Amino acid sequence: MTDPTTIRWTSFESPLGRLLLTADDSGALTSLSVPGQKGGRTVQPEWRQDPGPFRAAGEQLAAYFAGELKEFQLEFHTSGTDFRERVWGALDSVPYGATTTYGEIAARIGASRAAVRAVGGAIGANPLLVVRPCHRVIGADGSLTGYAGGLDRKVQLLTLEDALDSSDFLNQPNQSA
């Protein structure tokens, strides 16, 4: 019998590199990390490698990277503060091929303009890169700003979604990861 609290994991090759996916005992996706991601997960000895819970995620990720899927239909479970969960939920409403700003996300959750930094922190802590589209959030001035997976990957994802022409951002100064 499997321990019901065991974290299950698998990896998935993608244009962004090898993705690490984790799931809880119910099979719900709990994280998706890219190599070198700030705050990303790494496989732990007590985790169980088990591709079973990830079939739908793998199929949908393949379709997304092929340009054939615009909205993920996956069960996922994250655990964050109420504020983070509200911010992450607001990310889910940003459509494929569109961008929004940190200020717009703050407004969507009813937070003040002064909360923009906190919104940025919550977005940076998003455990579900790609499927929960934090890459679609840009600065109020149109700059790409940061991305936990690296700005090169943010450009890749936004270019895939036709949300920007990557040549527009290749020479932007002060773009930190």
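Modeller: Begin with accessibility. Buried means under 20% relative accessible area, exposed means over 50%, and partly exposed lies in between, with a 1.4 Å probe and protein chains only. Take Thr145: its relative accessible area is 23%, so Thr145 is partly exposed.

Colleague: What should I know about the source of the values?

Modeller: This is a predicted model, where local features need pLDDT of at least 70 and side-chain atom pairs count only at pLDDT 80 or more, while totals for chains, interfaces and linings use all residues. Residues are numbered from 1 along each chain as its sequence is written, and side-chain values use heavy atoms, with hydrogens and water left out.

Colleague: How many helices and strands does the protein have?

Modeller: Helices (H or I, at least four residues) and strands (E, at least two) are DSSP runs, numbered from the N terminus. Here there are 5 helices and 6 strands. Their order from the N terminus is β-β-β-β-α-α-β-α-α-β-α.

Colleague: Now for charges. How many salt bridges are there?

Modeller: The test is a side-chain nitrogen of Lys or Arg within 4 Å of a carboxyl oxygen of Asp or Glu. By that rule the count is 6.

Colleague: Which residue pairs with Arg8?

Modeller: Arg8 pairs with Asp50, with the closest N and O atoms 3.7 Å apart. This pair links distant parts of the chain: Arg8 sits in strand E1 (residues 8-14), Asp50 in the loop between strand E4 (48-49) and helix H1 (55-65), 42 residues away. Arg8 is buried at 10% relative accessible area. Asp50 is buried too, at 16%.

Colleague: Where do Arg132 and Asp92 lie?

Modeller: Their side chains meet in a salt bridge, 2.8 Å from N to O. Arg132 is in the loop between helix H4 (116-124) and strand E6 (137-138), and Asp92 is in the loop between helix H2 (82-91) and strand E5 (100-101), so the pair ties together parts 40 residues apart in sequence. Arg132 is buried at 6% relative accessibility, whereas Asp92 is partly exposed at 37%. As for networks, salt bridges with shared partners join Arg8, Arg48 and Asp50.

Colleague: Which residue does Glu13 bridge to?

Modeller: Arg18, with the closest N and O atoms 2.7 Å apart. Glu13 is partly exposed, at 49% relative accessibility.

Colleague: Which residues of helix H5 are buried, and what covers them?

Modeller: H5 spans residues 151-160, and its buried residues are Leu151, Arg153, Lys154, Val155, Leu157 and Leu158. Their cover includes H1, helix H3 (102-108) and E6. After H5 comes Asp162, with a positive phi near 55°.

Colleague: What is the phi of Val130, and is Val130 buried or exposed?

Modeller: Val130 has a positive phi, near 75°, and is not a glycine. Val130 lies in the loop between H4 and E6. At 1% relative accessibility, Val130 is buried.

Colleague: Back to Thr145, then. What is its phi, and where is the residue found?

Modeller: Thr145 has a positive phi of about 55°, although not a glycine. Its place is the loop between E6 and H5.

Key. Contact means heavy atoms within 4.5 Å.
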